[in-house]
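Hello,

Here is the structure we talked about. Please look through it before you read my notes below.

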Amino acid sequence: MWWSYCVILILLVNSSYQQDLSGQELLDNLSRIIDARLAAMEIRMNHIASSFNEVLVKQNSMNNTLNEVLVNQNSMNNTLNDVLVNQNPMKDTLNEVLVNQNYMNDSLNEVLVNQNSMNDSLNEVLVNQNSMNDSLNEVLVNQNPTKDPLNHINSTLGDVQNPNNQELMDKLSAISTTLNWMNSSIKAICDPACVNCECTAPNTCTCDEGCSGDTCNEAVCNLACLNGDCIAPNTCTCDEGWSGDTCNEAICDPACVNGDCTSPNTCTCHEGRSGDTCNEAVCDPTCVHGDCTAPLTCTCDEGWSGDTCNEAICDPTCVHGDCTAPLTCTCDEGWSGDTCNEAVCDPPCAHGDCTAPLTCTCDEGWSGDTCNE
(Lines give C-alpha, C1' and ligand atoms only; values in the text may rest on other atoms or scores of the structure.)
Protein backbone atom coordinates (compact mmCIF):
# COMPACT_ATOMS: atom_id res chain seq x y z
CA MET A 1 0.00 0.00 0.00
CA TRP A 2 2.90 2.43 0.63
CA TRP A 3 3.60 2.80 -3.09
CA SER A 4 0.04 4.12 -3.61
CA TYR A 5 0.91 6.99 -1.26
CA CYS A 6 4.07 7.67 -3.22
CA VAL A 7 2.13 7.79 -6.50
CA ILE A 8 -0.41 10.16 -4.95
CA LEU A 9 2.39 12.42 -3.65
CA ILE A 10 4.14 12.47 -7.01
CA LEU A 11 0.88 13.34 -8.76
CA LEU A 12 0.18 16.09 -6.23
CA VAL A 13 3.71 17.54 -6.61
CA ASN A 14 3.42 17.50 -10.41
CA SER A 15 0.00 19.05 -10.19
CA SER A 16 1.32 21.80 -7.90
CA TYR A 17 4.03 22.69 -10.39
CA GLN A 18 1.55 22.68 -13.27
CA GLN A 19 -1.06 24.70 -11.39
CA ASP A 20 1.55 26.82 -9.61
CA LEU A 21 0.15 25.88 -6.18
CA SER A 22 1.80 27.30 -3.12
CA GLY A 23 3.58 25.03 -0.63
CA GLN A 24 0.80 25.58 1.92
CA GLU A 25 -1.89 24.41 -0.54
CA LEU A 26 0.14 21.32 -1.33
CA LEU A 27 0.51 20.56 2.36
CA ASP A 28 -3.24 21.04 2.88
CA ASN A 29 -3.99 18.55 0.10
CA LEU A 30 -1.54 16.06 1.57
CA SER A 31 -3.01 16.55 5.02
CA ARG A 32 -6.51 15.76 3.78
CA ILE A 33 -5.33 12.59 1.99
CA ILE A 34 -3.40 11.44 5.07
CA ASP A 35 -6.42 12.09 7.31
CA ALA A 36 -8.68 10.02 5.01
CA ARG A 37 -6.19 7.16 4.80
CA LEU A 38 -5.55 7.17 8.54
CA ALA A 39 -9.29 7.09 9.24
CA ALA A 40 -9.68 4.06 6.96
CA MET A 41 -6.71 2.35 8.61
CA GLU A 42 -8.11 3.08 12.06
CA ILE A 43 -11.43 1.42 11.11
CA ARG A 44 -9.57 -1.64 9.84
CA MET A 45 -7.43 -1.79 12.95
CA ASN A 46 -10.52 -1.63 15.17
CA HIS A 47 -12.02 -4.50 13.19
CA ILE A 48 -8.80 -6.51 13.61
CA ALA A 49 -8.74 -5.74 17.33
CA SER A 50 -12.36 -6.89 17.68
CA SER A 51 -11.58 -10.16 15.82
CA PHE A 52 -8.57 -10.84 18.05
CA ASN A 53 -10.61 -10.16 21.16
CA GLU A 54 -13.10 -12.81 20.02
CA VAL A 55 -10.18 -15.21 19.50
CA LEU A 56 -8.97 -14.48 23.03
CA VAL A 57 -12.45 -15.10 24.48
CA LYS A 58 -12.65 -18.46 22.70
CA GLN A 59 -9.09 -19.19 23.80
CA ASN A 60 -10.02 -18.57 27.46
CA SER A 61 -13.06 -20.84 27.09
CA MET A 62 -10.82 -23.53 25.62
CA ASN A 63 -8.36 -23.09 28.51
CA ASN A 64 -11.19 -23.62 31.00
CA THR A 65 -12.30 -26.77 29.17
CA LEU A 66 -8.76 -28.13 29.11
CA ASN A 67 -8.38 -27.38 32.82
CA GLU A 68 -11.53 -29.40 33.50
CA VAL A 69 -10.10 -32.24 31.40
CA LEU A 70 -6.90 -32.15 33.45
CA VAL A 71 -8.87 -32.16 36.71
CA ASN A 72 -10.87 -35.18 35.55
CA GLN A 73 -7.63 -36.73 34.35
CA ASN A 74 -6.07 -36.38 37.80
CA SER A 75 -9.19 -37.86 39.39
CA MET A 76 -8.97 -40.80 36.98
CA ASN A 77 -5.30 -41.30 37.83
CA ASN A 78 -6.12 -41.39 41.55
CA THR A 79 -8.95 -43.88 40.97
CA LEU A 80 -6.74 -46.12 38.83
CA ASN A 81 -4.01 -46.06 41.48
CA ASP A 82 -6.54 -47.21 44.12
CA VAL A 83 -7.67 -50.01 41.82
CA LEU A 84 -4.09 -51.10 41.20
CA VAL A 85 -3.44 -51.31 44.96
CA ASN A 86 -6.62 -53.19 45.87
CA GLN A 87 -7.31 -55.37 42.79
CA ASN A 88 -4.39 -57.74 42.16
CA PRO A 89 -6.28 -59.92 39.61
CA MET A 90 -6.84 -56.85 37.47
CA LYS A 91 -3.24 -55.65 37.36
CA ASP A 92 -2.57 -56.66 33.76
CA THR A 93 -5.74 -55.02 32.52
CA LEU A 94 -5.12 -51.91 34.59
CA ASN A 95 -1.54 -51.70 33.33
CA GLU A 96 -2.95 -51.59 29.83
CA VAL A 97 -5.36 -48.91 30.98
CA LEU A 98 -2.44 -46.95 32.42
CA VAL A 99 -0.59 -47.23 29.11
CA ASN A 100 -3.62 -45.78 27.38
CA GLN A 101 -3.81 -43.22 30.17
CA ASN A 102 -0.22 -42.19 29.53
CA TYR A 103 -1.04 -41.94 25.85
CA MET A 104 -3.90 -39.64 26.78
CA ASN A 105 -1.53 -37.64 28.99
CA ASP A 106 0.87 -37.29 26.07
CA SER A 107 -2.02 -36.18 23.85
CA LEU A 108 -3.14 -33.64 26.46
CA ASN A 109 0.43 -32.40 26.85
CA GLU A 110 0.59 -32.01 23.10
CA VAL A 111 -2.64 -30.03 23.29
CA LEU A 112 -1.12 -27.83 25.99
CA VAL A 113 2.03 -27.34 23.90
CA ASN A 114 -0.10 -26.31 20.95
CA GLN A 115 -2.09 -24.14 23.32
CA ASN A 116 1.07 -22.41 24.49
CA SER A 117 2.17 -22.00 20.89
CA MET A 118 -1.20 -20.45 20.12
CA ASN A 119 -0.83 -18.10 23.09
CA ASP A 120 2.61 -17.07 21.85
CA SER A 121 1.20 -16.47 18.36
CA LEU A 122 -1.63 -14.40 19.76
CA ASN A 123 0.80 -12.43 21.86
CA GLU A 124 2.86 -11.73 18.75
CA VAL A 125 -0.31 -10.62 16.98
CA LEU A 126 -1.09 -8.27 19.86
CA VAL A 127 2.49 -6.95 19.85
CA ASN A 128 2.25 -6.30 16.11
CA GLN A 129 -1.11 -4.65 16.63
CA ASN A 130 0.35 -2.42 19.34
CA SER A 131 3.21 -1.56 17.01
CA MET A 132 0.73 -0.58 14.31
CA ASN A 133 -1.25 1.52 16.80
CA ASP A 134 1.97 3.25 17.93
CA SER A 135 2.89 3.96 14.32
CA LEU A 136 -0.55 5.42 13.63
CA ASN A 137 -0.32 7.57 16.74
CA GLU A 138 3.09 8.78 15.60
CA VAL A 139 1.61 9.73 12.24
CA LEU A 140 -1.11 11.73 13.97
CA VAL A 141 1.28 13.42 16.42
CA ASN A 142 4.09 14.18 13.99
CA GLN A 143 1.94 15.32 11.12
CA ASN A 144 3.87 18.60 10.65
CA PRO A 145 3.35 20.80 7.54
CA THR A 146 6.93 22.18 7.78
CA LYS A 147 8.38 18.69 7.12
CA ASP A 148 9.10 17.34 3.72
CA PRO A 149 5.73 15.59 3.01
CA LEU A 150 7.12 12.81 0.84
CA ASN A 151 9.85 11.76 3.29
CA HIS A 152 7.43 11.96 6.22
CA ILE A 153 4.84 9.67 4.58
CA ASN A 154 7.46 7.19 3.36
CA SER A 155 8.94 7.01 6.86
CA THR A 156 5.51 6.50 8.44
CA LEU A 157 4.48 3.80 5.94
CA GLY A 158 7.78 2.04 6.54
CA ASP A 159 7.05 1.94 10.29
CA VAL A 160 3.51 0.57 9.73
CA GLN A 161 4.68 -2.14 7.35
CA ASN A 162 7.67 -3.15 9.44
CA PRO A 163 5.88 -6.32 10.82
CA ASN A 164 6.06 -9.20 8.39
CA ASN A 165 2.46 -9.66 7.16
CA GLN A 166 3.17 -13.04 5.53
CA GLU A 167 4.59 -14.35 8.77
CA LEU A 168 1.48 -13.10 10.58
CA MET A 169 -0.77 -14.92 8.09
CA ASP A 170 1.29 -18.11 8.52
CA LYS A 171 0.85 -17.93 12.28
CA LEU A 172 -2.88 -17.33 11.97
CA SER A 173 -3.08 -20.38 9.67
CA ALA A 174 -1.20 -22.45 12.28
CA ILE A 175 -3.64 -21.25 14.95
CA SER A 176 -6.60 -22.34 12.78
CA THR A 177 -5.02 -25.78 12.19
CA THR A 178 -4.44 -26.24 15.92
CA LEU A 179 -8.03 -25.26 16.73
CA ASN A 180 -9.36 -27.79 14.21
CA TRP A 181 -7.14 -30.52 15.71
CA MET A 182 -8.35 -29.67 19.21
CA ASN A 183 -11.98 -29.77 18.07
CA SER A 184 -11.44 -33.26 16.62
CA SER A 185 -9.75 -34.42 19.86
CA ILE A 186 -12.54 -33.30 22.18
CA LYS A 187 -15.49 -35.74 22.37
CA ALA A 188 -19.10 -34.58 22.38
CA ILE A 189 -21.03 -34.66 25.69
CA CYS A 190 -24.59 -35.99 25.97
CA ASP A 191 -26.64 -35.38 29.13
CA PRO A 192 -28.37 -37.69 29.91
CA ALA A 193 -25.80 -40.19 28.66
CA CYS A 194 -26.39 -42.42 25.64
CA VAL A 195 -27.27 -45.97 26.81
CA ASN A 196 -26.69 -48.27 23.83
CA CYS A 197 -24.93 -46.02 21.36
CA GLU A 198 -22.35 -43.30 20.78
CA CYS A 199 -22.61 -39.58 21.56
CA THR A 200 -21.76 -38.15 18.13
CA ALA A 201 -22.66 -34.51 18.83
CA PRO A 202 -23.64 -32.46 21.90
CA ASN A 203 -26.80 -34.10 23.34
CA THR A 204 -27.18 -36.17 20.15
CA CYS A 205 -27.04 -39.99 20.34
CA THR A 206 -26.52 -42.20 17.29
CA CYS A 207 -28.30 -45.44 18.23
CA ASP A 208 -27.01 -48.96 17.55
CA GLU A 209 -29.21 -51.26 15.49
CA GLY A 210 -32.22 -52.41 17.51
CA CYS A 211 -32.37 -49.29 19.75
CA SER A 212 -34.19 -45.98 19.57
CA GLY A 213 -35.14 -42.97 21.70
CA ASP A 214 -33.29 -39.78 22.65
CA THR A 215 -30.74 -41.76 24.68
CA CYS A 216 -31.16 -45.05 22.72
CA ASN A 217 -32.71 -46.64 25.83
CA GLU A 218 -35.74 -48.02 23.98
CA ALA A 219 -35.43 -51.47 22.40
CA VAL A 220 -36.82 -52.09 18.91
CA CYS A 221 -38.51 -55.37 17.91
CA ASN A 222 -38.95 -55.72 14.15
CA LEU A 223 -42.01 -57.90 14.79
CA ALA A 224 -44.11 -56.18 17.45
CA CYS A 225 -44.66 -57.90 20.81
CA LEU A 226 -48.40 -58.67 20.73
CA ASN A 227 -48.90 -59.53 24.40
CA GLY A 228 -45.74 -58.33 26.11
CA ASP A 229 -42.94 -55.74 26.13
CA CYS A 230 -39.87 -55.30 23.90
CA ILE A 231 -37.00 -55.25 26.44
CA ALA A 232 -34.04 -55.79 24.08
CA PRO A 233 -33.52 -55.74 20.31
CA ASN A 234 -35.95 -58.31 18.86
CA THR A 235 -36.54 -59.77 22.35
CA CYS A 236 -40.02 -59.82 23.92
CA THR A 237 -40.91 -60.43 27.57
CA CYS A 238 -44.41 -61.93 27.46
CA ASP A 239 -47.32 -61.14 29.75
CA GLU A 240 -48.51 -63.95 32.04
CA GLY A 241 -50.28 -66.65 30.05
CA TRP A 242 -48.46 -65.92 26.73
CA SER A 243 -45.36 -67.30 25.01
CA GLY A 244 -43.61 -67.30 21.62
CA ASP A 245 -41.13 -64.95 19.93
CA THR A 246 -43.76 -62.22 19.64
CA CYS A 247 -45.90 -63.36 22.63
CA ASN A 248 -48.65 -64.48 20.25
CA GLU A 249 -49.08 -68.03 21.63
CA ALA A 250 -51.53 -68.46 24.51
CA ILE A 251 -50.75 -70.91 27.34
CA CYS A 252 -53.46 -73.29 28.67
CA ASP A 253 -52.76 -75.41 31.75
CA PRO A 254 -53.97 -78.12 31.58
CA ALA A 255 -53.56 -78.28 27.80
CA CYS A 256 -56.44 -78.34 25.34
CA VAL A 257 -57.10 -81.98 24.34
CA ASN A 258 -59.31 -81.57 21.28
CA GLY A 259 -59.16 -77.83 20.60
CA ASP A 260 -56.98 -74.73 20.34
CA CYS A 261 -55.68 -72.52 23.17
CA THR A 262 -56.86 -69.10 21.93
CA SER A 263 -56.22 -67.11 25.11
CA PRO A 264 -54.66 -67.89 28.51
CA ASN A 265 -56.44 -70.98 29.98
CA THR A 266 -59.21 -70.69 27.38
CA CYS A 267 -59.78 -73.51 24.85
CA THR A 268 -61.76 -73.17 21.64
CA CYS A 269 -62.99 -76.74 21.04
CA HIS A 270 -63.14 -78.60 17.74
CA GLU A 271 -66.57 -79.54 16.41
CA GLY A 272 -68.14 -82.29 18.51
CA ARG A 273 -66.09 -81.48 21.61
CA SER A 274 -66.77 -79.49 24.77
CA GLY A 275 -65.44 -78.95 28.32
CA ASP A 276 -62.72 -76.72 29.77
CA THR A 277 -60.01 -78.68 27.98
CA CYS A 278 -62.23 -79.93 25.11
CA ASN A 279 -61.95 -83.47 26.48
CA GLU A 280 -65.70 -84.13 26.47
CA ALA A 281 -67.42 -85.50 23.36
CA VAL A 282 -70.76 -84.08 22.26
CA CYS A 283 -73.61 -86.42 21.20
CA ASP A 284 -76.87 -84.95 19.87
CA PRO A 285 -79.26 -86.54 20.63
CA THR A 286 -77.72 -87.63 23.90
CA CYS A 287 -76.87 -91.18 24.88
CA VAL A 288 -79.81 -92.67 26.86
CA HIS A 289 -78.14 -95.71 28.42
CA GLY A 290 -74.43 -95.17 27.79
CA ASP A 291 -71.61 -92.63 27.48
CA CYS A 292 -70.73 -90.23 24.65
CA THR A 293 -67.15 -91.29 24.05
CA ALA A 294 -66.61 -89.51 20.72
CA PRO A 295 -68.54 -86.89 18.73
CA LEU A 296 -71.99 -88.39 17.94
CA THR A 297 -70.76 -91.79 19.16
CA CYS A 298 -72.34 -93.56 22.18
CA THR A 299 -70.76 -96.43 24.08
CA CYS A 300 -73.81 -98.27 25.49
CA ASP A 301 -74.21 -99.79 28.92
CA GLU A 302 -74.49 -103.59 29.06
CA GLY A 303 -77.86 -104.80 27.72
CA TRP A 304 -78.44 -101.75 25.53
CA SER A 305 -77.78 -100.90 21.91
CA GLY A 306 -78.69 -98.38 19.23
CA ASP A 307 -77.21 -95.03 18.17
CA THR A 308 -78.32 -93.44 21.41
CA CYS A 309 -78.28 -96.67 23.52
CA ASN A 310 -82.08 -96.56 23.84
CA GLU A 311 -82.72 -100.12 22.58
CA ALA A 312 -82.74 -102.95 25.17
CA ILE A 313 -81.24 -106.33 24.32
CA CYS A 314 -83.12 -109.60 25.06
CA ASP A 315 -81.45 -112.92 24.32
CA PRO A 316 -83.32 -114.99 23.41
CA THR A 317 -85.52 -112.41 21.75
CA CYS A 318 -89.09 -111.64 22.68
CA VAL A 319 -91.45 -113.76 20.43
CA HIS A 320 -94.74 -111.98 21.02
CA GLY A 321 -93.77 -108.78 22.79
CA ASP A 322 -91.22 -106.02 23.13
CA CYS A 323 -87.80 -106.04 24.80
CA THR A 324 -88.29 -103.05 27.10
CA ALA A 325 -85.21 -103.63 29.29
CA PRO A 326 -82.19 -105.87 29.11
CA LEU A 327 -83.43 -109.50 29.09
CA THR A 328 -86.93 -108.24 29.92
CA CYS A 329 -89.86 -108.79 27.56
CA THR A 330 -93.16 -106.92 27.76
CA CYS A 331 -95.60 -109.42 26.21
CA ASP A 332 -98.42 -108.64 23.84
CA GLU A 333 -101.95 -109.28 25.14
CA GLY A 334 -102.66 -113.03 25.32
CA TRP A 335 -99.03 -114.02 25.66
CA SER A 336 -96.74 -114.70 28.58
CA GLY A 337 -93.43 -116.30 29.43
CA ASP A 338 -89.86 -114.94 29.57
CA THR A 339 -89.82 -114.55 25.79
CA CYS A 340 -93.60 -114.11 25.39
CA ASN A 341 -93.86 -117.40 23.55
CA GLU A 342 -96.64 -118.91 25.72
CA ALA A 343 -100.27 -118.26 24.74
CA VAL A 344 -102.78 -117.46 27.46
CA CYS A 345 -106.23 -119.19 27.51
CA ASP A 346 -108.77 -118.18 30.13
CA PRO A 347 -110.46 -120.40 31.08
CA PRO A 348 -107.62 -122.84 30.49
CA CYS A 349 -107.85 -125.76 28.06
CA ALA A 350 -109.13 -128.89 29.91
CA HIS A 351 -107.99 -131.59 27.47
CA GLY A 352 -105.67 -129.89 25.05
CA ASP A 353 -103.01 -127.19 24.56
CA CYS A 354 -103.39 -123.40 24.45
CA THR A 355 -101.71 -122.76 21.13
CA ALA A 356 -102.83 -119.15 20.72
CA PRO A 357 -104.48 -116.59 22.95
CA LEU A 358 -107.89 -118.00 24.00
CA THR A 359 -107.41 -120.83 21.48
CA CYS A 360 -107.23 -124.47 22.58
CA THR A 361 -105.99 -127.34 20.41
CA CYS A 362 -107.84 -130.34 21.89
CA ASP A 363 -106.46 -133.79 22.43
CA GLU A 364 -107.95 -136.64 20.36
CA GLY A 365 -111.49 -137.44 21.44
CA TRP A 366 -112.13 -133.99 22.91
CA SER A 367 -113.74 -130.82 21.66
CA GLY A 368 -115.20 -127.53 22.76
CA ASP A 369 -113.66 -124.08 23.37
CA THR A 370 -111.82 -125.38 26.38
CA CYS A 371 -111.64 -129.05 25.19
CA ASN A 372 -113.92 -130.16 27.99
CA GLU A 373 -116.53 -131.95 25.89
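In the hairpin formed by β13 and β14, two residues sit between the strands, and L296 has a positive phi near 60°. Strand β13 covers residues 290-294, strand β14 covers residues 297-300, and the two are antiparallel with four bridges. Within that pairing, C292 has C298 of β14 as its bridge partner.

Keep in mind that this is a predicted model. The mean pLDDT of the protein is 78, and 67% of the residues reach at least 70. Be careful with residues 143-163. There pLDDT stays under 50, although the model has 31 contacts for the stretch beyond four places in sequence.

**The other hairpin**

Now go to β1 and β2. Strand β1 is residues 197-201 and strand β2 is residues 204-207; they run antiparallel and are joined by four bridges. C199 is opposite C205 in β2. Two residues lie between these strands as well, and N203 takes a positive phi near 55°.

N203 is not a glycine, yet its phi is positive. The residue belongs to the loop between β1 and β2. Is N203 buried or exposed? It counts as exposed, because its relative accessibility is 54% and the cut-off for exposed is over 50%.

C340 also has a positive phi without being a glycine, in its case near 60°. Look for C340 in the loop between β19 (335-336) and β20 (342-343). C340 has 0% relative accessibility, so it counts as buried.

**The protein overall**

How many helices and strands does the protein have? There are five helices and 22 strands. The protein has 373 residues, of which 25% count as buried. Residues 24 or more positions apart make up 20% of them.

**Annotated spans**

An unreviewed UniProt entry lists "domain: EGF-like" for residues 236-247, 298-309 and 360-371. I have figures for two of these spans. Residues 298-309 are 0% helix and 42% strand, with 7 Å between the end C-alpha atoms. Residues 360-371 are 0% helix and 25% strand, and here too the end C-alpha atoms are 7 Å apart.

T246 falls in the loop between β7 (242-243) and β8 (249-250). T246 is buried because its relative accessibility is 14%, and buried means under 20%. Which residues does T246 contact, leaving aside neighbours within four places in sequence? They are L223, A224, C225, L226, N227 and C236.

**A312 and its contacts**

A312 is part of strand β16, residues 311-312. Its relative accessible area is 16%, so A312 is buried. Setting aside residues up to four places away in sequence, A312 touches G303, W304, C323, T324, A325 and P326. E302 is ten residues from A312 in sequence, and their C-alpha atoms are 9.1 Å apart.

**Two cis peptide bonds**

Please check both of these by eye. The bond from D253 to P254 is cis, with omega near 5°. P254 is in the loop between β8 and β9 (259-263). The bond from D315 to P316 is cis as well, again with omega near 5°. P316 is in the loop between β16 and β17 (321-325).

**Where to start**

Then turn to N203 in the loop between β1 and β2. After that, go to C340, with its positive phi near 60°. Leave residues 143-163 for last, where pLDDT stays under 50.

Best wishes

How values were computed
Residues numbered from 1 in each chain as written. Predicted model: local features only at pLDDT ≥ 70, side-chain atom pairs only at ≥ 80, totals over all residues. Heavy atoms only, no water. Buried < 20%, exposed > 50% of the residue type's maximum accessible area, 1.4 Å probe, protein only. Contact = heavy atoms within 4.5 Å. UniProt positions renumbered as here; feature names shortened; annotations may be inferred. Pairing = 2+ DSSP bridges. pLDDT = per-residue confidence, 0-100.
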